[in-house]
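Trainee: I have a new model open and would like to learn how to read its side-chain features. Could you walk me through them?

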Amino acid sequence: MSGKDKRFPLPLSSIVDKGRGIGASHSPKTAMPQTAMQNQNASRGLAPKPLTAGIAGAYGSTGTPAAARAAADIRGLQHSQHSPQSKPLPQQVSAGSRPLVSDAVRRAMVARVAQQGVKDSLVLAAMEAVPRHLFIESGLVSQAYIDASLPIGHHQTISQPYIVARMIEIMRNGGTLNRVLEIGTGCGYQAAVLSLVAKDVYSIERIKALHELAKTNLRPMRIANIRLHYGDGMLGMPQVAPFDGIILAAAGMEVPQALLDQLSIGGRLIAPVGGRNQVLQLVQRVAKNEWSSTVMEQCHFVPLHKGVI
C-alpha cells in the first residue's frame with residue numbers, strides 16, 4: 001500500500017489524514033488527447049444521445065462544431081456527416097458583429113484542461129459537448145470558458161472547468177459508471193457533463209432557488225438520464241443506493257458517513273475536504289465496512305452545509 005493510502009474500518013471519525021502531503025501534481029501537456037471513443041461506449045449503456053440531441057435541436061447546428069464532434073466521439077462514431085436542423089444559436093452572444101461565445105472558444109477551454117493533466121478522453125469529449133455559457137448568467141457569458149469558478153447566486157459558484165473534469169476523471173478511473181450521485185447541483189452544468197459519462201445521474205441541491213435554476217437550465221436539453229432532487233445532500237439518497245460514484249461540489253471537514261455507506265463495493269467518492277486549506281479526497285469502498293482514502297491535490301470550494309433553504 002502506498003504512503004498516500006489509508007484503510008479504515010467502521011467507525012469512521014475522519015477521512016482527512018492531516019499528516020499527508022498533497023498528491024501528485026499535473027505537468028502541462030503539449031497536445032490535447034484525442035477524444036475518439038470505441039464502439040463499446042454505446043453498448044455499455046451510456047446515454048449521451050438525449051443530451052446531444054437536445055444540444056442539436058435547441059442550441060444550434062452540429063455539422064462540424066465542437067458539440068457534434070464530441071457527441072460523435074462519445075457515440076463511438078469515427079466520422080459524422082450528420083447535420084440536424086436547428087434553431088437559431090442562442091449561444092452566439094454578440095458584441096457588435098463579433099460573437100463572444102463560439103465552438104472554438106469551447107475547444108480552447110478543453111485543450112487547456114487537457115494541458116493541465118486531464119487525460120480521460122470520454123470526460124474531455126463531454127466537456128466539449130456541453131455549452132458551459134448556457135449555465136451562466138448573461139452578464140458573465142463572456143467569461144464562461146475561462147478556467148475559473150464563477151458566481152451563480154446564493155453565495156454559490158459554478159466550478160472551474162479543470163476541476164470539474166479532474167474530479168469526474170478521478171471518479172470514473174477509466175471504468176463504467178452506471179449510477180452516480182452528485183451532491184450540490186448548483187446551476188446544473190456538472191450534472192450535464194456527468195450525464196455523458198454515466199448511465200444514470202442523481203443530483204441533490206439544498207437551495208431551492210438553485211434547484212429550480214438547474215431545472216430551467218437543463219429542461220431545454222432534454223436529458224433523459226438526470227434526476228434532480230431538492231433535499232439535504234449530506235443525507236444522500238439511500239432509497240436508490242448503492243452508487244458507483246459520488247461527487248461533492250462543496251467542502252466539509254469530513255465526508256458524511258451516510259454518503260460512504262451509499263457507495264457500492266468498489267465504488268469511488270471524490271470530494272473537497274477541509275476548511276481554509278482544502279484537498280481533493282478520493283475514497284474507495286473496498287469492503288462492507290472498509291474504505292481507503294487518498295489525497296489527490298489542493299482545491300477550493302464553497303462550504304458544505306446540512307439542511308435545506
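Mentor: Happy to. Let's begin with helices and strands: these are DSSP runs numbered from the N terminus, where a helix is H or I over at least four residues and a strand is E over at least two. The model is predicted, so local features need pLDDT of at least 70 and side-chain atom pairs count only at pLDDT 80 or more, while totals for chains, interfaces and linings use all residues. Residues are numbered from 1 along each chain as its sequence is written, and side-chain values use heavy atoms, with hydrogens and water left out.

Trainee: How many helices and strands does the chain have?

Mentor: There are nine helices and 12 strands.

Trainee: What makes a salt bridge, and how many are there by this rule?

Mentor: Side chains of opposite charge can pair when their charged atoms come close. The rule asks for a side-chain nitrogen of Lys or Arg within 4 Å of a carboxyl oxygen of Asp or Glu. By that rule the count is seven salt bridges. One of them joins D103 to R106, with the closest N and O atoms 3.0 Å apart.

Trainee: Why are D103 and R106 separated by about one helical turn?

Mentor: Because they are three residues apart in helix 4, which covers residues 103-115.

Trainee: Are D103 and R106 buried or exposed?

Mentor: For that we use relative accessible area: buried is under 20%, exposed is over 50%, and partly exposed lies in between, using a 1.4 Å probe and protein chains only. Both D103 and R106 are buried.

Trainee: Which salt bridge links distant parts of the chain?

Mentor: Look at D120 and R172, whose closest N and O atoms are 2.7 Å apart. This pair links distant parts of the chain, with D120 in the loop between helix 4 and helix 5 (121-129) and R172 in helix 6 (residues 161-172), 52 residues apart. D120 counts as buried because its relative accessibility is 9%, and R172 counts as buried at 10%.

Trainee: What about E169 and R166?

Mentor: They form a salt bridge too, with 2.9 Å between the closest N and O atoms. E169 and R166 are three residues apart in helix 6, so about one helical turn separates them. Both are buried. Salt bridges that share partners also join R166, E169 and E297 into one network.

Trainee: Now the rings. How many aromatic pairs turn up in a search of the whole structure?

Mentor: The rings of Phe, Tyr and Trp (its six-membered ring) pair if their centres lie within 6.5 Å; planes under 30 degrees apart are stacked, over 60 edge-to-face, and the rest tilted. The search finds two such pairs. F135 and Y189 have ring centres 5.7 Å apart and planes at 70°, so this pair is edge-to-face. F135 is in the loop between helix 5 and strand 4, and Y189 is in helix 7 (residues 189-194), 54 residues apart, so the pair links distant parts of the chain. F135 is buried at 3% relative accessibility, and Y189 is buried at 2%.

Mentor: Y202 and F243 also form an edge-to-face pair, 6.0 Å centre to centre with 70° between the planes. Here again distant parts of the chain are linked: Y202 is in strand 7 (residues 198-205) and F243 in strand 9, 41 residues apart. Both Y202 and F243 are buried.

Trainee: Which charged end sits over the ring of Y189?

Mentor: A charge sits over a ring if NZ of Lys or CZ of Arg is within 6 Å of the ring centre and within 35 degrees of the ring normal. Over Y189 sits the charged end of R132, 5.9 Å from the ring centre. The charged end of K208 sits over the ring of Y230, 4.8 Å from its centre.

Trainee: What should I look for in the backbone?

Mentor: P242 is in the loop between strand 8 (226-230) and strand 9 (243-248). Then check H155, which has a positive phi of about 60° although it is not a glycine. H155 lies in the loop between strand 4 (150-153) and strand 5 (156-158), and counts as exposed at 78% relative accessibility.
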